[in-house]
Each structure stands twice: as C-alpha cells, then as structure tokens.
Amino acid sequence: MESSYKATCPLDCFDLCLMDVTVVDGEIQKIAGAKEHPLTCGVLCKKGMDHLVRHRDQDRLKTPLLRQGERWLPLTVEEGVKMLAEKLGGVDTKSILYFTDSGHNGLSKTAASLFFQHLGPITTHRGSLCWDAGNFALKKSLGIHAGVRHTQIPDADAIVLWGRNAKDTNLHLYMQIKKAGKPMIYIDPIVTATAKEAEEYYCIKPNSDLELALAVVKILSQQGNLYLAPKDEAMVASYSMDMLVEKTGLSVTQLERLSTHFAGDKRIITYIGYGLQRYTNGAKAVEAIIALHYLTGNVNKPGTGFHFSDKRVSKSLAKPYDVVRENLTFVKSTFGTYVSSRDDWSVLLVDKSNPVVQLPNTKAVQEAIKKIPFKVGIDLFMTDTMKEMDLVFPAPSVFECQDVVITSMFSPYLQFTEECVPPPPEVVSEYDLFQRLAGALGLDDFPKVGLEEFLFQHVKPVLEAQGVTWEDLKTTGWMDPESEKEKNRKLQWLEGSLDVFAMIETKTENPGSKGKYRLITPHAKESLHSQGFRTVTELPLVYMNEPGFESGDMVVVASDQGRLRCKVKLDENLQSGLVYIYEGYWSHSGIVNSITTDAYSDEGDQAAYYETLVSVMKIKE
Ligand SMILES: Nc1nc2c(c(=O)[nH]1)N[C@H]1C(S)=C(S)[C@@H](COP(=O)(O)OP(=O)(O)OC[C@H]3O[C@@H](n4cnc5c(=O)[nH]c(N)nc54)[C@H](O)[C@@H]3O)O[C@H]1N2
Ligand SMILES: Nc1nc2c(c(=O)[nH]1)N[C@H]1C(S)=C(S)[C@@H](COP(=O)(O)OP(=O)(O)OC[C@H]3O[C@@H](n4cnc5c(=O)[nH]c(N)nc54)[C@H](O)[C@@H]3O)O[C@H]1N2
Ligand code: SF4
Ligand SMILES: [Mo]
C-alpha cells in the first residue's frame, strides 16, 4: 500500500524545505521537495536528501546504550529512564548541566528544556556558537529581531550578500535572487561558490566590515550624496581613506563602486552572513551595516532593507507550559574552562548537538566532560560526543515523529512534519522520553498532554489569527503565520546615531608578518556542521595560498589551543595571511575546533571562532 506524507527539513539551516514522503508497505520509498511550496519550490539540497540515508542507515542507534567499561550494553527505554531518574533524583539541581543546540528545529524537541524548567533551576549556557553577536546588533538597533522578507527581492535593484555564502548555505535565497534576475554583490574574504557567481565581488580582509561600511558612508558624504549632522560629518572625515583602504584591502575605485549601490534612489537589500560576526567585535560589523541602510534610506520601502535573522514567528507562538527559572548560566563558547572550574557536577545531559566537535577548544571540552560523574546524550548516531557519555538514548529520525518546525534564520513560514513511519521499538521521541522521566520523578506540574495537543497549543494563536485550521496545516504542511500588519511593519532605527563608527582602531595589524595566519572555518556545502562528515575519514584539508606550500603537502596547523594534522589544498584565489578549513570533521579525520579559540564577542556572547591565529608547518607523511 502506498501513502504520502508531508515533512519539513528540521536542520539548522536558513531554508526550512518542505518534503513529500512516499511510504510503501510501511517503508519510506522516496522523498522529494514539495513543488507547491512558495520558497523552497520542490528543491531539496543534498543535506535534505541525506535524511533518507540517515533514516535507513545500519549504524543508527536503535536502543538506549549503557557504558560498561569499553563496551556498550543495550537497555530498554524503561531501564534507561529508570536509571536516569535515579541519577537526577535528590541531587542539587544546579549540579545538573544541560547542553543543547539546534540539531533539529522542531517544537517537540524543546521537551528537555521544558523538563529542566520543571525540575530546575539547573546550570546551562547563554550566548551562542552561531548568531548572537548579530542578534545583539539587531536588538540594539531595532528593539526586535526582524528583517526584510524574501518577497521584497523582485522590487530591489540589486542584492548584497554581505558575507552570506548563499549558494552553499542558503540555497533558496540564492534561487530567489536568480529567479528574480537581480545582480548579486558579494562581500567575503574567501572566493566562495557565491563569489564566483556574483556580478560584483569585493574580496575584503577579514574583520573589516565595520571599516567597509564606514568607507561607503564617507564616500557618499564627500560626494554630497548623504547628509550627516556636522559633528558626524567631522567624525567620518577624520578617518583617512588610506586607512580604510589599508584595513579593507579594497582600492578606492572598488569602494566607490560599492558606494554607488547605496546612493540616490537605488533600492538595495542586504543579506548579512554569520561569518562576519564570529569576531570579538562581531556585533559592531552588523550594527554598521544596519546603520548604513538607515543613513542611505534603504529601509521600509519596497525592494529595500536588510536581513540577518527574524524571530517574529517564534515570538508569535504561545508558550503554554513554560515555567521561568533562574538558571545558573555561563557563556557557551567557554564550556571547557567553565565546567572545569566547578567540582560539584552530578549529571550532564546533551541533546541536538555535537559539542565535542562543534564547540571551540576541543581539548578543554573533552577534559571538562570527563569531570562530570554521569553523562547522558540523545542522538541518532554514535558521534564523538555520544562516545563520551555513560548513557545514550536513540533519537527518532526526521520521519518518525510528528512536529511543528520553524526557523528564525530566514524562512518566514511555519511548517509541519507528519509521523510518516513509526520509530523502531526501543526508540521513543524526546517528548515521550521526558514525559516518562517527569513521571518517574513525580514532577506533577509537567504537562500531561499528548504530543499533538502539545504542538497544537503552541500554534493555536497563530492559527486563529490566520483563520487556518490545525487539519489544514497538517495537510498542506506549511502556512504563512504573519499578519499583513506584521509583514508591513516599519522597522525603526532606535539607535539612530553614528556611534558605531566613533571608536575605530586606526592601527593596522598584519598577523602574516609574525608568521601567523588567520583561521576561518566556514560551513561546508554538503554537510550540516558535523552531520555529513560521519563517513569522511581523510585528513582535513587546509586551504591556503602561501609561498612554499603546495596541494598535497602534509602539515600541522598549530594554535595556542592545539595542533591539527591536515593536507594542504592550494586555493589560488585566496588572499595572503588567511587559511581556511571547513568545520565539521569528526575525530577520525581531525576536529578543526581542536585549534580554535573559545574567545567570545564583546557584545552578545557569540563564539569568536575567527579570532584564531595559526602557524602551518610541513611534516613528512
Ligand atoms: N551547507 C550548509 N549550510 C548551512 C550550514 C552548514 O553547516 N552547511 N549551517 C547553517 C548555519 S547553523 C549557519 S549559522 C549558516 C551560516 O551561513 P553563512 O553565514 O553563509 O556561512 P559561514 O560559513 O558561517 O560564513 C559565511 C562566510 O563568511 C565569511 N567571512 C569570514 N570572515 C568574514 C569577515 O570578516 N567579513 C565578511 N564579510 N565575511 C567573512 C566566510 O569566508 C564565509 O564564506 O549556514 C546555515 N546553512
Ligand atoms: N570552528 C567552527 N565551529 C563552529 C562553527 C563555525 O563556523 N566554525 N559554527 C557554529 C554554528 S553556527 C553552529 S549553529 C554550531 C552547531 O553545532 P551543533 O548543533 O552541535 O552541530 P551538529 O553537528 O549539526 O550537531 C547536531 C547533532 O544533533 C543530532 N540530531 C539530529 N536530529 C536530532 C534529534 O531529533 N534529536 C536529537 N537529540 N539529536 C538530533 C545530529 O545527529 C548531530 O549529531 O556549530 C558551531 N561550530
Ligand atoms: S538543509 Fe536547508 S536547503 Fe537543504 S533540504 Fe534542509 S532546509 Fe532545504
Ligand atoms: Mo549556526
């Protein structure tokens, strides 16, 4: 018998693709992009297609596993829950550490967080490995996390992708720009796939976006294309063009060319990437781009605006079961040092994340985890993180659990995933797992409702406001949750000043002169972080373009944090002083974060991965 279902790609991606899932005789036969979706238009990327590969994979975890020395003992879910309940019961809840990320964007996956709200206060992290410097800038500048909708693209004259490598990381944005036939203007220190497709490309030096925005303001002001208050004009004029050229690595001609797009009544939309805010002053870069848009009037008119993230959909959901707790928190990127600084830990619970691979400063992370007496993880596979656990619960695949899925990264839609097939017998959803745990621990206030009711209660206000029924949402798989009023809301510039440009450091530093290179660790096209690197066993490739190094050279890349064996891949387009290695390689290849710094941004508690400086030494095979 054949039946078809709707599911949503729940990966930590901008796009939120809707999928058609065909099930024959209880087995998934195929998946494909749902053609009717207005943004994702029937196209799934390789990472999306890989959901079926992961679902079918023989190596998937199928039962809870308990560590016994070097071996893993299979348990039933009931035995696993009983053991975890014993470990969590009766301890000081602040000795419990919860670590999570966005391995799955479904609402059902907030079960652990809800459970700890009811059990806690506990210890957990604040800030982000991903986007919080930019989010800080949005909040400071606008008071909310909001950005322009993709539906404005056809009205723009051109689209700036400011460090947003859309072709690899935000495919459906790239497709929308192509469909609308708009020129792409791309700004990135690396000649990425998007750079190669762009009508104009600006190869800037890393961490010079603040100066680049200032250069545009300065040029427009000098040309009389931008009116500034006299004190601001004097401040902007006080920075020399030579300094801005030196800092950004762009010529005056290039800077003038970029400025033309912001001049007069040109309509421009800027998509701001996440790479440019992985620096200690990352919030400033985003703040400066927002300021540039307001100063040049490129906002609140058709075909203008900027986008970094947008949390309006997430904010419009109800939170019927949440409890506020005063958790103890630490900055996420400092996991290693923070956890090692305390001796009172009882239990670590990790879900939806692979911190051993994805957190900076791997050695510190591994040492910290070892300090915790009892460690529990939930994942689909035995990742490098799960290998450090004492007890591992299997997570269901994307197709085995009903869910509502949203992202605040780009797609403005609210989507559904049906349970297309049941999970294996000893695999339960996180929702079910934490229900059972709450029952075992006697958490009387924990919501005693089924998963469907739980999901429905969250989206109820949105459904009501839009006149959509729950059944409609389940059948179509997606809805546009925003009211016309919200869509057309004018975003006010609360900051309203040029202060972001006031304190720019005019000295230039060249790490290359000390034999050091800046390390950038971008996101790979075919993998969502570590998830697509599971079967990769080759050494990581370090892309570089420095005299004396050739493709195939074996090298050690060393930083203050550690050393990593890599193979050189020559990138003839790469600027000097910079090397890059894709993030996501597992320990059987070499974890790139074993050489990254756990520094974090001055504003927003964002991991400042790209503050890492490395040296590269050739070694024999
Ligand atoms: N294929 C794929 N897609 C993904 C992901 C994935 O892992 N794989 N991850 C998803 C997630 S969680 C995220 S956060 C996003 C990230 O999406 P993006 O922001 O597009 O990607 P990143 O690779 O983090 O960084 C983008 C670019 O920033 C550039 N960059 C580095 N420093 C600077 C700088 O100082 N200035 C400027 N202008 N650019 C700079 C890098 O060279 C890189 O090309 O992608 C999402 N989409
Ligand atoms: N050097 C460097 N490091 C980085 C970055 C960088 O640019 N450079 N980028 C950072 C960014 S932007 C981010 S967002 C983080 C991401 O960091 P993580 O979110 O830790 O990255 P993933 O490798 O995607 O790990 C997600 C895990 O969740 C699991 N998973 C999938 N579905 C489910 C589920 O339904 N339930 C459970 N329990 N688990 C599930 C997957 O199998 C996978 O092991 O990495 C950061 N790390
Ligand atoms: S990873 Fe992103 S682009 Fe790929 S299928 Fe999933 S949502 Fe779509
Ligand atoms: Mo991210």
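Mentor: Happy to. Please keep in mind that this is a predicted model.

The residues around ligand 3 include Cys 9, Cys 13, Cys 17 and Cys 45. Leu 11, Asp 15, Leu 16, Lys 47, Gly 48 and His 172 are also among the residues around ligand 3. Sorted by class, this shell has six nonpolar, two polar and two charged residues.

His 172 gives us a way into helix H6 (residues 171-180), where His 172, Leu 173, Tyr 174, Gln 176 and Ile 177 are buried. The cover over the buried residues of H6 includes S8, helix H5 (166-169), strand S9 (184-187), helix H7 (193-197) and S11. Just after H6 comes Gly 181, with a positive phi of about 65 degrees.

You will find Ile 153 in the loop between helix H4 (132-142) and strand S8 (158-162). Ile 153 counts as buried because its relative accessibility is 1%. Setting aside residues up to four places away in sequence, Ile 153 touches Leu 173, Gln 176, Ile 177 and Ala 180, among others. Its contacts also include Ile 159, Lys 182, Ile 269 and Tyr 271. For a sense of distance, Ile 153 and Thr 596 are 443 residues apart in sequence and 37 Å apart in space, C-alpha to C-alpha.

Tyr 271 carries us onward to the aromatic rings. The count of aromatic pairs in the model comes to 25. One of them is formed by Tyr 271 and Phe 410, an edge-to-face pair with 6.0 Å centre to centre and 75 degrees between the planes. This pair links distant parts of the chain, 139 residues apart: Tyr 271 is in strand S11 (residues 268-272), while Phe 410 is in the loop between strand S17 (403-405) and strand S18 (414-417). Both Tyr 271 and Phe 410 are buried. Elsewhere, ring pairs link Tyr 98, Phe 115, Phe 116, Phe 434 and Phe 446 into a cluster.

Let us return to strands, this time with the hairpin of S4 and S5. Strand S4 (residues 65-68) and strand S5 (residues 71-74) pair in the antiparallel sense over four bridges, and Arg 67 stands opposite Trp 72 in S5. Two residues lie between the strands of this hairpin, where Gly 69 takes a positive phi near 60 degrees.

S4 also runs antiparallel to strand S16 (residues 391-394), with two bridges joining them. Here the bridge partner of Leu 66 is Leu 391 in S16. On another pairing, S16 is joined by four bridges to strand S15 (residues 374-379), and these two run parallel. In that pairing, Gly 377 stands opposite Val 392 in S16. As for the side chains of S16, Leu 391 and Phe 393 point one way, Val 392 and Pro 394 point the other way, and all are buried.

One last stop is Ser 589, in the loop between strand S24 (578-580) and strand S25 (613-618). With a relative accessibility of 7%, Ser 589 counts as buried. Beyond its neighbours within four places in sequence, Ser 589 is in contact with Val 536, Thr 537, Glu 538, Leu 539 and Pro 540.

How values were computed:
Residues numbered from 1 in each chain as written. Chains lettered and ligands numbered in written order. Predicted model: local features only at pLDDT ≥ 70, side-chain atom pairs only at ≥ 80, totals over all residues. Heavy atoms only, no water. Near = heavy atom within 4 Å. Nonpolar A, V, L, I, M, F, W, Y, C, P; charged D, E, K, R; others polar. Buried < 20%, exposed > 50% of the residue type's maximum accessible area, 1.4 Å probe, protein only. Contact = heavy atoms within 4.5 Å. Phe/Tyr/Trp six-rings, centres within 6.5 Å; stacked < 30°, edge-to-face > 60°. Pairing = 2+ DSSP bridges.
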